[in-house]
Amino acid sequence: MIAISRRGRQSAIYFVVLATQTGVHPIPLLQFLWLMALTALITLTTPSRAVTAEELADYRNAIENVLQAMDAQPMDEHWFFTITLAQGDEVQIIQSSPLREEPLRRQLISVNGSPPSQKQLEKYAAQEKKRIEDEAAEGDENGYGYLVDSSTLSMATTSAATDTAAPSGQGQLIELNFSPRIKAFEDDQSKLQGSLLFNIEQNTVEKISVHNTAKLSPAFSVSLTNYQMELVFSLLQAHQLLQQMNTTLQGKYGFMKKFDSKINIQFSDFRRHSS
């Protein structure tokens, strides 16, 4: 697939519109578009310079520093935000306020567009209690710096990979692989593979992805045949914030019971606490 820059796409569209309005003969138009495609193909097939050991070390240090900075500024403690959690046929709206203490910091506002019932509130409160307890028990092993073992970062390709445009259109991305560390899968670490998109111009981590390469067994009689997790980040007021989290869990527990769960979590309406 040939990727054309935003400016390139706009130029092509403008040329087509102009040709239509002025009655330009279609042959020059086709020649122009063919030349653009040929130029892009030549650019993509030109060999790229290999990344040096020194550059890789710089990337590792930069990424490690970014992740440490993100861990040092927990969103819950410094930002107001809204969580939209979609799983199956249920959508929950949750609002988080740094002015409230745990376990009341994140409050369930609605379920499928309606105020939550007492039963739903009790279930949510129990889930929040467990989440907070698990995070406290994991400590530093719950952060981004623990998830991404920076010492294992390696280039996904052998090239400098600076031709990949960032989704925002600002900066250039490189993709690196790493060995993930997830507490729930500590006995299956070798069966996990991670990748990370790093914006070398903006000095930001834009995406972290983890998937399994073999069957996982996180608990007795539980097996995961497909595990995927994707974290997408955005930059706001010079802070990197988690914008989206997608998780896929497929497998079975017991001998016959299968499960297939897809969870999408969106973080929005960010407002930094003034203090």
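Guide: What follows considers the salt bridges one after another. The model is a predicted one, and a search of the whole structure finds 11 salt bridges. One of them joins the side chains of Arg-106 and Asp-76, with an N to O distance of 2.9 Å. This pair links distant parts of the chain, since Arg-106 belongs to strand 3 (residues 106–111) and Asp-76 to helix 4 (residues 75–78), 30 residues apart. Arg-106 counts as buried, because its relative accessibility is 16%, under the 20% limit for that class. Asp-76, at 11% relative accessibility, likewise counts as buried.

Helix 5 (residues 118–138) holds another pair, Lys-130 and Asp-134, which lie 4 residues apart, about one turn of the helix. Their side chains meet in a salt bridge at 2.8 Å, N to O. Here Lys-130 is partly exposed, with a relative accessible area of 49%, and Asp-134 is also partly exposed, at 34% relative accessibility.

A further salt bridge, at 3.3 Å from N to O, is formed by the side chains of Asp-260 and Lys-262. Asp-260 counts as exposed at 52% relative accessibility, because the exposed class begins over 50%. Lys-262, at 49%, counts as partly exposed.

Salt bridges also occur as a network, which links Glu-128, Arg-131 and Glu-135. As for the setting of these pairs, the chain has 6 helices and 12 strands, and 32% of its 275 residues count as buried.

Conventions
Residues numbered from 1 in each chain as written. Predicted model: local features only at pLDDT ≥ 70, side-chain atom pairs only at ≥ 80, totals over all residues. Heavy atoms only, no water. Helix = DSSP H or I, 4+ residues; strand = E, 2+ residues; numbered from the N terminus. Buried < 20%, exposed > 50% of the residue type's maximum accessible area, 1.4 Å probe, protein only. Salt bridge = Lys/Arg side-chain N within 4 Å of Asp/Glu carboxyl O.
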